[in-house]
Amino acid sequence: MAELVFFSGTMDCGKSTLALQMDHNHSARGRQGLIFTRNDRAGTGTLSSRLGLATQAVEVRDGLDFHAHVVAELSAGGRCDYLICDEAQFFTVEQVDQLARVVDDLGVDVFTFGITTDFRTRLFPGSQRLVELADRVEVLQVEALCWCGARATHNARTIDGVMVVEGAQVVVGDVAARNDTVGYEVLCRRHYQRRMTAATSGSGTLSPDVLPFESQQRQSQDQQPQEQQPQQAR
Ligand SMILES: Nc1ncnc2c1ncn2[C@@H]1O[C@H](COP(=O)(O)OP(=O)(O)O)[C@@H](O)[C@H]1O
Ligand SMILES: Cc1cn([C@H]2C[C@H](O)[C@@H](COP(=O)(O)O)O2)c(=O)[nH]c1=O
């Protein structure tokens with residue numbers, strides 16, 4: 001039975017890498033797929049992973065109808081066993097509805113990949129619809145980490161390393177942005193809520209000496225610096 005699957009996670013947790021791997025594994029077994037993406041950092045019509053792999057993809061624009069696209073492909077004598085859809089958070093609600101029809105009416109597997117929430121912790125409309133309609137929502141196994149070492153669960157937007165909470169929902173960017181540009185940083189919920197990025201916390205990057213958040217607070221409240229012991233991040 002064909003499935004609609006949503007592979008979700010924070011930025012930088014390996015979604016595009018998994019998308020490329022799934023395409024590789026399915027095509028290695030003789031299945032034929034179509035690859036789609038929208039607003040990939042590497043440019044139009046490209047699905048790219050930070051591990052260095054990339055492939056051509058159909059660029060999804062607002063007017064694209066997935067169901068009509070696959071029907072046209074099949075009517076022209078082509079084969080289509082599965083779809084790979086990266087950056088699916090940027091798809092419209094109507095396009096996600098079309099993807100569900102591709103699964104149910106045409107028997108084609110649809111594998112989608114994307115972040116669920118934006119820099120204000122709000123669901124992207126496309127991701128919300130995927131959560132509502134998918135047969136399965138799979139959270140990626142590889143965890144991106146907050147600067148404190150905890151599992152990152154939130155995508156923060158930064159300018160000069162400082163977290164911002166206002167702006168357009170869609171701004172294409174990366175987690176390793178130059179200082180003067182809009183960038184992103186993945187954070188645990190505690191540090192997202194306190195707007196503490198690596199730069200504003202002074203940590204720079206993940207340090208084995210970073211204390212759990214409560215310990216840091218207690219220290220600064222007491223204003224009695226104690227010797228920092230390396231601790232296991234939570
Ligand atoms: N130099 C590297 N060596 C090993 N793994 C890396 C390297 N650079 C990036 N990665 C891995 O790639 C992941 C990001 O993959 P990517 O598919 O681009 O993420 P996503 O699509 O979720 O944003 C990182 O979490 C990390 O595990
Ligand atoms: C949080 C957030 C992200 N984006 C953009 C930034 C990137 O271009 C993509 C996510 O890509 P990734 O492969 O998962 O790293 O989404 C955005 O436009 N708005 C946001 O709030």
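Start by selecting strand 6, residues 82-85. Strands here are DSSP runs of E with at least two residues, helices are runs of H or I with at least four, and both are numbered from the N terminus. Strand 6 is covered on both faces: Y82 and I84 are buried on one side, L83 and C85 on the other. Buried takes 20 or more other C-beta atoms within 10 Å of the residue's own, exposed takes 12 or fewer, and partly exposed is in between, with C-beta atoms placed from the backbone. In a regular strand, side chains alternate between the two faces of the sheet.

Before moving on: this is a predicted model, where local features need pLDDT of at least 70 and side-chain atom pairs count only at pLDDT 80 or more, while totals for chains, interfaces and linings use all residues. Residues are numbered from 1 along each chain as its sequence is written, and chains are lettered from A and ligands numbered from 1 in the order in which they are written.

Strand 2 (33-37) runs parallel to strand 6, joined by four bridges; pairing takes at least two DSSP bridges. Look for F36 opposite C85. Strand 7 is also parallel to strand 6, again with four bridges, and there F111 partners I84.

Next, pick helix 4 (125-133), where G126, S127, R129 and L130 are buried. Look down the axis: the buried residues fall within an arc of 160° (taken from the directions from the axis to the C-beta atoms), so they line one face of the helix. Strand 1, helix 3 (93-106) and strand 7 (109-114) are among what covers them, with contact meaning C-beta atoms, placed from the backbone, within 7 Å.

Hop over to ligand 1, with 13 residues around it, the closest being K15, S16, T17, S49 and R50.

Most residues other than glycine have a negative phi. D12, however, has phi near 65°; D12 sits in the loop between strand 1 (4-8) and helix 1. R195 has phi near 55°, in the loop between helix 5 (189-193) and helix 6 (198-201). Buried or partly exposed: which is R195? With 15 C-beta neighbours inside 10 Å, R195 counts as partly exposed, whereas D12, with 20, counts as buried.

Methods: Two residues are in contact if their C-beta atoms, placed from the backbone, lie within 7 Å. A residue is near a molecule or strand if its C-beta atom, placed from the backbone, lies within 6 Å of it.
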